[in-house]
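User: Could you take me through this structure? I would like to begin with contacts.

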Amino acid sequence: MFCNLNAEMARKGMTGACLAEKLGITPTTLSLKLSGKSEFTLRQATAIKKLLNVDIPLEILFQSDDKAV
């Protein structure tokens, strides 16, 4: 769902399980958010950007690759 986020996670070697742990959520909850079935909070989005240490605007990092959205 979030191709830019997934690409940055891969570049940084950050697994979903590791990211979920650092955010204080379960891997299942993270999976639901990454698939678009649940939404990230602004606090979670900014924490992810900081954890990944990327200089990409949130709008781009969390841009949906789903053309229907």
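Analyst: Leaving aside neighbours within four places in sequence, Lys33 is in contact with Phe2, Ile25, Ser38, Glu39, Phe40 and Gln44, where contact means heavy atoms within 4.5 Å. This is a predicted model, in which local features need pLDDT of at least 70 and side-chain atom pairs count only at pLDDT 80 or more, while totals for chains, interfaces and linings use all residues. Residues are numbered from 1 along each chain as its sequence is written, and side-chain values use heavy atoms, with hydrogens and water left out.

User: Which helix holds Lys33?

Analyst: Lys33 belongs to helix 3, residues 27-34. Helices are DSSP runs (H or I, at least four residues), numbered from the N terminus.

User: What about Leu30, buried or exposed?

Analyst: Leu30 counts as buried because its relative accessibility is 1%; buried means under 20% relative accessible area and exposed over 50%, with a 1.4 Å probe and protein chains only. Leu30 is also in helix 3.

User: Which residues does Leu30 touch?

Analyst: Beyond neighbours within four places in sequence, its contacts are Gly16, Leu19, Ala20, Leu23, Ile25 and Phe40. Leu30 and Leu19 are 11 residues apart in sequence, with 8.2 Å from C-alpha to C-alpha.

Notes. Helices (H or I, at least four residues) and strands (E, at least two) are DSSP runs, numbered from the N terminus.
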